[in-house]
Amino acid sequence: MVVRVLITDPVDKLLIEKLSQYNVQIDYRPDIERKELLDIIKDYDILVVRSRTKVDKEVIERGTNLKLIARAGIGLDNIDTEEADKRRIKVVYAPGASTDSAAELTIALLLAAARNLYESIALAKSGVFKKTQGIELAGKTIGIIGFGRIGSKVAQVAKAIGMHVLAYDVLDVRERAKQMGAEVVDMEDLLGRSDVISLHVTVGKNPPKILDARAFDLMKEGVIIINTSRAAVVDGPALLENLNRGKVGVYATDVFWNEPPKEQWEWEILKHPKVIVTPHIGAQTKEAQLRVAQMTADNLISAMKELGLI
Ligand code: NAD
């Protein structure tokens, strides 16, 4: 029996090449609409997605033959993993494949925020050679929320720049922090002492609002916030209020609540002069994409072997 694989998002050709070495039938439908996906998913054993396809309860319920779901990426927030678990569908992905790229983008956003690069570049390109004043990062304190792979890599670079690093995590990260020369603190301490706050948490189906109105109250005036993790951990309307009253100096983000925005408050944040936005490009480097494809294919092939599909 041939194993049927449906790919519903654009993936690197390496992934398809690796899968093609086995006795599988691959249908590559990177533009498929949800309605058609719901109609045809029952015919497939394996579903491969990136971030466009939402693999929610309905998709999983209709996929009566599904045995495996692969996400060619590092997070699983577009997949209902609880529902997949319930139906004994194995889920594989590529954790860590884009750590360096995401950490580097975080540093790019940090430097852009500290030196008003977004404004200076736009002015200079329009012919206006006006000097804007920024802040020096050496000697400042960065608070890292979520001290995992990306958070600790950012800490390493921040240390090299001369910053003092505070770390907060729900897990015990004392050993890792010690290696990086970071100080482990509780959340209140981090919020009150940081000149820069950088978010690097993983979130599941119901993300906590880590930065809510109370958290903003505890922050320093003019704090820079960097977010390359997930927008849902920030209370958008509370952020907008704190940008408007100058409490937040710059919000530099690679992630938005809706990409592109839908709500009025999202548009106001997007257009705010103190907000820098990139369109979720943390993992968009040649190297990271190749690693994601390689790791996803390897994990998928191991799982297929484990399940006796190949
Ligand atoms: P990781 O699992 O290595 O680290 C995440 C850390 O966050 C863990 O140590 C975990 O204990 C901690 N954490 C979870 N919930 C927390 C909470 N409420 N408070 C404090 N700490 C908490 O993950 P990673 O590979 O470092 O990725 C971090 C984030 O970056 C993820 O959300 C991931 O989706 C995102 N990411 C984004 C891009 C992008 O394109 N912008 C690229 C890669 C990763």
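How close do the axes of helix H1 and H13 come, and at what angle do they cross?

**Entry 1: basis.** I worked on a predicted model, in which local features need pLDDT of at least 70, side-chain atom pairs count only at pLDDT 80 or more, and totals for chains, interfaces and linings use all residues. Residues are numbered from 1 along each chain as its sequence is written, and side-chain values use heavy atoms, with hydrogens and water left out. Helices (H or I, at least four residues) and strands (E, at least two) are DSSP runs, numbered from the N terminus.

**Entry 2: H1 and H13.** I looked up helix H1 (residues 13-20) against H13 and found that their axes come within 8 Å and cross at roughly 25°. Axes here are lines fitted to C-alpha atoms, for helices over the stretch in contact, and angles run from 0 to 180 degrees between N-to-C directions. H1 and H13 are therefore roughly parallel to each other; angles under 35 degrees count as roughly parallel, over 145 as roughly antiparallel, 65 to 115 as roughly perpendicular and the rest as oblique. I noted the crossing of H1 and H13 as right-handed. A crossing is right-handed if the near helix is turned clockwise from the far one by less than a right angle, and left-handed if anticlockwise. For contact (heavy atoms within 4.5 Å), I listed Leu 14, Leu 15, Lys 18 and Leu 19 in H1, which meet residues of H13 including Leu 290, Ala 293, Ala 297, Ile 301 and Met 304. By class, this contact has 9 nonpolar, 2 polar and 2 charged residues. Ala, Val, Leu, Ile, Met, Phe, Trp, Tyr, Cys and Pro count as nonpolar, Asp, Glu, Lys and Arg as charged, and the others, Gly among them, as polar.

**Entry 3: cavity.** I searched the whole structure and found 1 cavity of 30 Å³ or more. A cavity is a set of points on a 1 Å grid over the protein atoms alone where a 1.4 Å probe fits but cannot get out, and lining residues have an atom within 4 Å of a point. The largest cavity holds about 40 Å³ of space, a volume being the space filled by probe spheres set on the points, with grid points joined across faces, edges and corners. I recorded its lining as Pro 10, Val 11, Asp 12, Leu 15, Arg 50, Ala 72, Gln 289, Val 292 and Ala 293. Helix H13 (residues 286-306) gives the largest share of that lining, 3 residues. The lining divides into 6 nonpolar, 1 polar and 2 charged residues.

**Entry 4: H5 and H7.** I found that the axes of helix H5 (residues 99-114) and helix H7 (residues 149-161) come within 9 Å and cross at roughly 45°. H5 and H7 are therefore oblique to each other. Their crossing is right-handed. The contact includes Ala 103, Ile 107 and Leu 111 of H5 and Ile 150, Val 154 and Val 157 of H7. Its residues divide into 8 nonpolar, 2 polar and 3 charged.

**Entry 5: H11 and H12.** I found the axes of helix H11 (residues 236-244) and H12 within 10 Å, crossing at roughly 40°. That makes H11 oblique to H12. The crossing of H11 and H12 is left-handed. Gly 236, Pro 237, Leu 239 and Leu 240 of H11 make the contact with Trp 265, Glu 268 and Ile 269 of H12.

**Entry 6: backbone.** I noted a cis peptide bond from Glu 259 to Pro 260, with omega near 0°. Pro 260 lies in the loop between strand S11 (248-253) and helix H12 (264-271). I also noted Arg 88, a residue other than glycine with a positive phi, near 55°. Arg 88 is in the loop between helix H4 (81-86) and strand S5 (90-92).

Technical notes:
1 Å grid on protein atoms, 1.4 Å probe; cavity = no way out; pocket = protein on both sides within 12 Å on 5 of 7 lines; lining within 4 Å.
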